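The following exercises are intended for a reader new to this structure. Please examine the sequence and the model before working through the solutions.

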Amino acid sequence: MESIRLADTHWPSSLPAPASAHLRHRHRHRLPGQISLPRTSPSLFSPHHHRLCPTPRHDLLQPLLASAAPASSPEPKLPGPAASGAKLVPASPAPDSSTEPKPSGAKLVPLVISLAVGLAVRFLAPRPAEVSPRAWQLLSIFLSTIAGLVLGPLPVGAWAFLGLTAAVATHTLPFAAAFAAFTNEIIWLIVISFFFARGFVKTGLGDRVATYFVKWLGSSTLGLSYGLTLGEACIAPAMPSTAARAGGIFLPIIKSLSLSSGSKPNHPSSRKLGTYLVMSQFQAASSSSALFLTAGAQNLLCLNLAEEFGVIIANPWVTWFKAASLPAIVSLLATPYLLYKIFPPEIKDTPEAPALAAEKQKQMGAVTKNEWAMIGTMILAVALWIFGDAIGVSSVVAAMLGLSILLLLGVLDWVDILNEKSAWDTLAWFSVLVGMASQLTNLGIVSWMSSCIAKLLQSFSLSWPAAFCVLQASYLVIHYLFASQTGHVGALYSAFLAMHVAAGVPRVLSALALAFNTDLFGGITHYSSGQAAVYFGAGYLELPDVFRIGFISTLINVFIWGGIGTFWWKLLGLY
C-alpha cells in the first residue's frame, strides 16, 4: 500500500497542484535567539516534532490521537481519516538535500554594504569635537556590526566575532575590555534559560500543562484560543524562550487540533481553524512575554543594559511584574476576542477538543519522576528570582542552582547542554553587542548622542510626555528593520534609554517602557521575533495577513499599554 502522510509544509514541491497555488514566500533564515530542541524531546501531539526552526517539519506532526511511529520508521504512519479527521495526501519524495548547493563564505552585497556603513562613518563623516578619535572608531565598528546583523552577510555569531576582531585588531579596544561582557551575569542567565526550556520540552511537562487548558476551555474555538493563551502565560515565567514555547509546545498542539478539524496548511481549508489559532497565539505571545521578567531573554538583556547605564531597579522581578501585570493581563484577555472578531475562523465550535485532550492525558499517563523534578526545580528557581535579593542570592545564581539540580537528577545531561547550540551562539553574539554598547557608554558616545537628540526635542518645545511618545513610537517602528528582538535591544536600547533620560522622562519608567515595547513589537512581521518565524513557517498564515493583523494588534497593544498602562504606572509611583 502506498505510504501516506500529511501535506508537507516544508517542501512546496511535494504538494499537489491545487494546494501549491496557495503557497507563500516564507522567511527561511533561522533567527537569533531560537533554540534547538533535543531529538528525544516528546511533543504534546507529535512524538516526531524534534527540532525548532523557522520552517518546522510539520509533515512529521500528527493529529491528536496519532500513535508514535517506531524510531526506525522512515515515514510515520498515521491513523485513517475517520480517526483523526485530517485529510491525507500521497507522500511525495523529498528533494535530495545532498544535491543542493550549500552556501559558503559571506554574501557579497550585504558584506559590501555593511563594511561601507562603518567606513563611511570612520573616514567620511566629520567627527564631533566632543568625541575622541577612539570613540568615533568604535562607533564605526559598532554601526558596521549592526548593519551586518540586519543584512546578514554571515550568521549572527560569525559577524559579531568579526566585529569583535576588528575592535581588537585596530587597537580600538584592549583584549580584556573587548571580552569583558562574556562574564556578564545577565547574559549567562539568558544562556541558562535555554537549558530550562530544553528541560520543559524533554520531560513533556510543558505539553502536560497545555493539555489541561485545552481540556478545560477548548469546547469552542474562542475558548480553545483562550486556553492556549493562558497556558502559555502560566509556563512563560519558567520557560524564558518565546521560540521554544512556540515550536516546542503550542504549535504542535495547534497543528494537531487544526488537522483534526480538516484545516490543513497551505490550503484553502486553513482558514477553518488553524489560521485563527496560529494568529491568536502568535499575537498573544507578546503579552505573555511582557508579563514576567523571566518570560523572555530580551527582558533580561534590557534590564542589564539599564543597570549599566545607571538605572537600578530594586527587586527587579517583582517590580517588573507589578508594572506589567494590569496592562499585560488586559491585553491577554482582549487579543483572542478581538482577533476572533476581525480575523474570524470558519469553525466556531470545537466540541471534540476536550475529549481529545483527555485521551491524550490518558496516553501520557501519570506525572513522571522527571516532570516532578522539573516542577520542583522551577518552583525553586522562580521563588529565588522573586525573593533572592532578600537572602543574597542573585538571579544568575538561582538559575545555576536550578540547572545543577536538573543535571544531578538526570533530567538533563551534559550532552543536552552541549547540543544547545543556540545558547552558545547567543552567548557569543550577545556578549559582543553588550560589550561594545558598554564601551560606547564609557567613551561618551551615548551621552553625546542623547544630548544631541535632547536638543532637537527641546527645539520643538516638547514636554517629557510628548518626547516619551515620540521616542517610544520611533523605537517600535525601527523594528521593521530587525529580525530579532534581542538584536534590536543590543543595538538600540541603550541609546534610546539615554534619549529618554536626556528628554526628562523618569529613569525607571524609561527603562521599563522600552523593555515592554520590545516585547510588544514581536508580532509585527513574520521575521520580528523567534516565535514569528516559527508560527509563520507553519503554513497557516498569508504574508499580507501577518503584516495587517500584526500592525492592528500592535496598535491595540499600544492603546492598552499607553492608556491603562500609564494610568497604572502613575498609581505605582513610576512618575
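Predicted model: local features only at pLDDT ≥ 70, side-chain atom pairs only at ≥ 80, totals over all residues.

Residues are numbered from 1 along each chain as its sequence is written, and side-chain values use heavy atoms, with hydrogens and water left out.

**Exercise 1. Determine which residues of helix H16 are buried, and how they are arranged around its axis.**

Solution. Helices are DSSP runs (H or I, at least four residues), numbered from the N terminus. Begin with the length: H16 covers residues 395-408, and at 1.5 Å a residue its 14 residues should span 20 Å, which agrees with the 20 Å between its end C-alpha atoms. The expected span is 1.5 Å times one less than the number of residues. Next, take the burial classes: buried means under 20% relative accessible area, exposed over 50%, and partly exposed in between (1.4 Å probe, protein chains only). By this test the buried residues of H16 are Val396, Ala398, Ala399, Gly402, Leu403 and Leu406. Viewed down the axis of H16, these residues fall within an arc of 160°, so they line one face of the helix. The arc is taken from the directions from the helix axis to the C-beta atoms. An α-helix has 3.6 residues a turn, so residues three or four places apart point the same way. Finally, the buried residues of H16 pack against helices H7 (185-203), H15 (369-391) and H17 (414-419), where contact means heavy atoms within 4.5 Å.

**Exercise 2. State which residues of helix H14 are buried and which exposed residues its opposite face carries.**

Solution. H14 comprises residues 352-364; its 13 residues should span 18 Å at 1.5 Å a residue, and its end C-alpha atoms are 18 Å apart, which agrees. Buried in H14 are Ala353, Pro354, Leu356, Ala357, Lys360 and Gln361. These residues cover an arc of only 160° around the axis, which puts them on the same side of H14. The face turned away from that buried side carries the exposed residues Ala355 and Lys362. The packing partners of the buried residues are helices H8 (205-217), H9 (221-235) and H10 (242-260). Just after H14, Gly365 takes a positive phi of about 80°.

**Exercise 3. Identify the residues with the most contacts inside the largest nonpolar core.**

Solution. A nonpolar core is a set of buried Ala, Val, Leu, Ile, Met, Phe, Trp, Tyr and Cys residues joined through side-chain atoms within 4.5 Å. The largest has 153 residues, and those with the most contacts inside it are Trp385, Tyr493 and Trp561. H7 gives the most to this core, with 12 residues. Leaving aside residues up to four places away in sequence, Trp561 touches residues including Ala290, Phe516, Leu520 and Trp569.

**Exercise 4. Where do Arg198 and Glu420 lie, and which network of salt bridges includes them?**

Solution. A salt bridge is a side-chain nitrogen of Lys or Arg within 4 Å of a carboxyl oxygen of Asp or Glu. The side chains of Arg198 and Glu420 form such a bridge (2.5 Å, N to O). Arg198 lies in helix H7 and Glu420 in the loop between H17 and helix H18 (421-442), so the pair ties together parts that are 222 residues apart in sequence. Both Arg198 and Glu420 are buried. The network links Arg198, Lys202, Asp413, Asp416 and Glu420. The search of the whole structure finds eight salt bridges.

Key:
Helix = DSSP H or I, 4+ residues; strand = E, 2+ residues; numbered from the N terminus.
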